[in-house]
Every structure is written in structure tokens, then in C-alpha cells.
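Me: I would be grateful for a close look at a single part of this structure. Please describe how that part is built and what lies around it.

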Amino acid sequence: MILSCSNITKAFGTDTILKNISFHIEEQEKAAIVGINGAGKSTLLKIIVGDLPADSGDVVLAKGRTIGYLAQHQDLESDRTIYEEVLEIKRPIIQMEERIRQLEQEMEGREGAALEAMLAEYSRLTHRFEMENGYAYKSEVTGVLKGLGFCEDEFTKKVSTLSGGQKTRISLGKLLLSDPDLILLDEPTNHLDMGSITWLENYLLNYKGSVIIVAHDRYFLNRVVKKIVELDQGQAHVYMGNYDAYSQKRAMVRQAQMKAYLNQQQEIRHQQEVITKLKSFNREKSIRRAESREKMLAKIQVLDKPTEVNDAMSITLEPRIESGNDVLTVRDLSKSFGPLKLFSHVDMDIKRGERVAVIGNNGTGKSTLLKIIMDLLPADSGQIRPGSKVHVGYYDQEQQVLHMEKTVFDEIQDEYPDMDNTRVRNVLAAFLFTGDDVFKKIADLSGGERGRVSLAKLMLSEANFLILDEPTNHLDITSKEILEDALTHYTGTVLYVSHDRYFINKTATRILELTGQTFIGYLGDYDYYLEKRDELTRTYAGGASALSADGKTAPAAGGDMVFAAAGKGALPAGGRPAPAAAGKTAPAAGNPQKALAGLAVAPPAPKAALEQEGKLDWKAQKEAQARLRKWQNDLKKTEESIHQLETRNTQIDDLLTQEEVYTDVGRLMELNKEKEELEEKLEALYAVWEELAEDEPQI
């Protein structure tokens, strides 16, 4: 164990942020701290590193171990260049190298004891220099800087001239190169593009030390961590596994907690009704019985109501009218800023019902594309034609569509003057603006609060085509999940820019990657994009024909065409099946098993393969029959177990209607507990039965 946190408590005034927080971190363990905004995640990190004192509790770091910390905001002041600033972290190795060179010069002409002493020091230093990777420290610095998104021609830039995000990346690079035993990272992916985030994931996965991460990037957490510490209502709950495992376990725990809470509340109400009835009899014996019940009721440890997973915001997106099938048509679009060409000769079609994610490295022109579509920036050339009955709703990450001088209330009411005050307040309450919060000026709000105002306006717009620029920025994980659910159930069309890979995986039906000054299309989610990106590039390398965004073949020309991969249950962007490469069979549109147009189709289904190959030989038949018998036996045992548990469940329901049971609190709680356990076992057995039923062996 490298770190132990025991009973950490921290309050600010009357607001207790952390209450008896306890967890530990093992050697080489990668863990995350998660929770809604304001749960105390950053506060806990500051307590661990000693930047904030805890009101009570202990933080113990293993003896002789080092700790490194990256805060969210960095105020790095330096006159050095980027390379010099990061290289400075290797100062001990540089000094060691300088001493080695000095010894090499001083040993010339020396002899006797003086030479022996120098040789001993030289041998010791060179061994240590080699052990600390001294011969590769410069390439290590260069590799980290490139991994974090700095080009070599930027290495000579002065740190003092950089943006806050660039300074944060430099601080992150210095921290990684310092190689502490325990790294604490507070939102490390905020200022990184997708390529840099992937690089950081791989770096941390191979890091020999331990890592604690606070991040809203769920895809990042899924890949890196194996333990989740959740902060909820001031308390800590530890879950083993990555983010997906935590999310599933959390849902199960919350469901069980809610069920226990509701059962207890029902029992309390029942006992209160019995007590009231007994007292109404106004007889001494009845009153004594009522008082006895009151004492028993007072001894019950009342469960706290568990927090709902998705109770932070309420978002319902629904178009007022349906658009035509062709939502947006883009032809020959180009945009440059001076000598910097962002993209050129872009053709694109967006169809009704699609959810299209635009991805790419920072500075490639993703947000510029959306602004051109919204007529906020002029294009250098090309045409943009919205379809019939298209009503656009726009979410701007810079909140330029908000009026800084207005209050939150006026921002909504002025946009929708037909709404009365009560409805405006109700809408704002759904986005966590209550009481006097509605009278705050937009200029005084945080980035997250402005984002919530923009989302509220988006919900009210009843648009059938949503254009979103980084919609998950400043949102906590819970709010992201709510937005994901709203977009997934939205019946209109969505075009958005995002670097949130988990969000893209949940919502996108098509991905457009902006790379090499053109757009490459993939029909599917982010995982599918990763799977097919390199495969698609190889398939069309060397001047092979590409697919334009409308699904028609077009000759590759300097990389300025758009590729489209068919599959993932959808047609190419233009709604037509993608043609196959020469000599190959094109897969059927919409078949997820034949995911890439132009590649060889999947092998025939097992049944078809059996028909082609004829009857199985005798040994194979025996093995198949054995598998069938085992399957039948497993299915029968599962059905018998389900029957037994369901019978017992029915018996408990009958018992709960009997007076001698429902008036016995202890017995009632015991039966309720048994019923909960039975239902959990039944749920597991139902899942086993469904899996068995789907996997019936074929002979």
C-alpha cells in the first residue's frame, strides 16, 4: 500500500464537503475519484498533497515515497522556452552528465590514489546515469512534448507567451518526467486533443507508479483505471473495475438502496397508521400497545434516501415539426485563414435522423465548420443548403449566443416572450437555477452555468436540427449522461463537435474525422471508427477510389475527398449502399457484420456453413450431442431453481398479508430482506436462462 486516507473530514463554514472519507491505494494501482461538480474531488486531492488541511482524519504516504500533483489551473511563469522549461526537470541528470564529462577531463594525467578515487566516482556516476536512463533523457523530453501535442517548431516558444491550456500541458509533461511514485491528476485531459489523450492513456497504463485521477472523461477512465472512489453526499464508496463496471455496479447499488429505502418508508407509514388506529380506540391497553410500537419505531435506524443517478438536470429534446429527408447539403466548401488552409473541396450530406460527430485535432477547423454552417463565419468557397422545413438549434461552446448583460431569467423570457413567469422558473429549475440564481447576470456565471443556460434555450427551441459545439464541456458526468439520454431519444438530426469519446460512443451514428484538410466518414460510433480507421486508410491508399460524402465514388485527389465506411446498421452518408472495391462483393447495407464497404464479406453463417460442408462426421456428432445434453440439463436446472424461488416469493407475499407477520416489525423486516435477496437471485437466474435460451446448440 502506497497511500492510506482514513476518516478525512472537511467543512467550509457550515457546509461539510467530506465526511469520514476512507480508502487506500496499492502499489502501481490506477484509481479515479468521481462525483458531481461540488462533491469535493479537487478538495480531497489538495488534502492528500497537503495544500489544504483536513478538519480531521489522516493521510499517510508510504515511507520514502514521492508524490506529484497536477492542479486544474496552472500559473506557470518562466522566461525559458518550452523545451528548456521541461528539460529543467532533468536537472539532476544533466548535472550528473556534466560531472561525468568533468571527471573524464580531470583523470587525464592523474595517477595513484587520486586516479583511483576519480575512477570509483566515475564508475558510480556512470552506473547511476545509465540506471536513470540518462543516455535517453533528451529524447524522453522530446517524446513527452510531442505526445502532449507540441510540434518541434513550437519548442522554442517562450513559456510566458503561451495560453493557460498550453502551460497546463507543460506542467503535465514536467510532472510525468519527474517520475514520482504517486501521481495525482486533476482533470488532465481538459486541454488535450484526442491524439494527446490517447498518448497519455498509454503512458499512464505503462507507468510503473500509482495514479489517482479526477476526470470527467469516461472513455479515458475506462481505459486507465481499475478502481473508482465515488464521492456522494460527502461520503466515499469504492468500486473495483473501470468506469463502465462502476456505472453498472452503482446502478445496482442505488437500485437496491432505493428499494430498501422505499420498503422501510412503507413499513414506517404502516406502523404509524397502526399506532394512530390504536390510539383512536382510546383504551388503556390499546394506548399501551401504541406506545410500545412508537418506542420500537423510534429505535429504527432510518435510511437516507439515495441520490438519483440522473436527477441533476431534466432535458427533453423534441422537434416541433419533422424536417425533410435532406437536412443539410454542403458542396465544394473551403476555408483558410491567411496561409493556413483548414479544409477544401468538402462535400457533405446530412440526412434526417442522423447524429453526426465531427472529430479531429485541435486547430483543424471543426468549430469553424459549424460557424460557417450557422453563417457566423464566411466560407472562402462552396455552397450550404439547408433542407425543407429545417429548424436549427445551435449550442456554442463559447456561449456567444448568450447576452452577457442579461439575467438568466431575461435570457429565457426575452427569447420566448409567450412563456409566463412560472414556466420560465420551472424550466430554469430543471437546469438547477432556483431562487435568486435566476437573477444572476450571464456575465457572472461560470462556464458550466452558462452551458446549462444554453442547454435550456436549446430544449425550448423545439428545433429539428441541432448543431452543437462541444456540448459536454463544463458538464459533470451525471449531466453528460442526461444529455446523452436526451440526444439518443431525440427524433431530429444532430451535427456536433466533441472530443468526449464516451459521449460520441453513446450518441453518434456517423463520424466525420477532419484530418489532412478533408473529412473522412465512418458510419458508426467511436469504437467502430478506431477499429476501421487504419483499415480504411490502407484499403484506399495508393490512389484507390474514395467515396464522397454523398455515397458516390470519386477519384482520390490529393487527399481532398471524403471516405465513407458502410456498416453499423446504416447506409453511407447519401443514403445509398457503398460500392464494393473491384473484384469483391459489397456487403448488404445495414448489416453490422459486414462493416466496411469494399472489404471481403464475413464468412457464411454457421448453419449455411454446415449445409455447404455436408453432415458432420461421427465424432463431431457425438460432441454436438453432448453439448446439447449439457445445455438441456443446464436449462432444466435453471428453470427448476427459478420455480423454487418464485414459489418461495409467493409464499412470502402471502405471509406479508397475515396480521401476525405484518404487525411483527422484526419478522416483517426479515421477510422483506429475504424477498429482496430472492428477487436479486431471480434476476440473475432470468439472465442465465435468457443466455441459455439464445445459445441453444445446433446439431
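Reply: R254 counts as buried because its relative accessibility is 10%, where buried means under 20% relative accessible area, exposed over 50% and partly exposed in between (1.4 Å probe, protein chains only). The residue lies in helix 9 (residues 243–280); helices (H or I, at least four residues) and strands (E, at least two) are DSSP runs numbered from the N terminus. The side chain of R254 is joined to that of E230 by a polar contact of 2.7 Å. A polar contact is a pair of N or O atoms within 3.5 Å; within protein, one must be able to donate a hydrogen and the other to accept it, and residues adjacent in sequence count only if both atoms are side-chain atoms.

This is a predicted model, in which local features need pLDDT of at least 70 and side-chain atom pairs count only at pLDDT 80 or more, while totals for chains, interfaces and linings use all residues. Residues are numbered from 1 along each chain as its sequence is written, and side-chain values use heavy atoms, with hydrogens and water left out.

The setting may be given briefly. The chain contains 21 helices and 21 strands, and 45% of its 699 residues count as buried.

Six strands form an open sheet in the order 5-6-7-3-8-9, with mixed pairing; two strands pair if DSSP finds at least two bridges between them. Strand 5 (67–70) and strand 9 (235–240) are the edges; each has a single partner strand, so one side of each is left without a neighbour in the sheet. On average, neighbouring strands of this sheet are turned by 15° against each other, direction ignored. Such angles are taken between axes, which are lines fitted to C-alpha atoms (for helices over the stretch in contact), and run from 0 to 180 degrees between N-to-C directions.

Strand 7 deserves attention within this sheet. Strand 6 (residues 182–186) pairs with strand 7 (residues 210–214) in the parallel sense over five bridges. Across this pairing, I183 has V211 of strand 7 as its bridge partner, and L185 stands opposite I213. Strand 3 also pairs with strand 7 in the parallel sense, over four bridges, and here A31 is the bridge partner of I212. Strand 7 is mostly covered, with five of its five residues buried. S210, I212 and V214 point one way from the strand, whereas V211 and I213 point the other way.

Leaving aside residues up to four places away in sequence, L466 touches L317, G393, L458, L487, Y490, T493, V494 and L495, contact meaning heavy atoms within 4.5 Å.

Helix 1 (residues 41–49) lies across strand 3 (30–34), strand 5, strand 6, strand 7 and strand 8 (227–232), and runs at about 150° to strand 6. Its buried residues include K41, T43, L44, L45, I47 and I48. Just after this helix, G50 adopts a positive phi of about 90°.

An open sheet of three strands, with antiparallel pairing, has the order 2-1-4. Strand 2 (15–25) and strand 4 (56–61) are its edge strands, each pairing on one side only. Neighbouring strands of this sheet are turned by 20° against each other on average, direction ignored. Five bridges join strand 1 (residues 3–12) and strand 4 in the antiparallel sense, and V60 of strand 4 is the bridge partner of S4. Helix 1 packs on this sheet, touching strand 1, strand 2 and strand 4, and its direction makes about 120° with that of strand 1.
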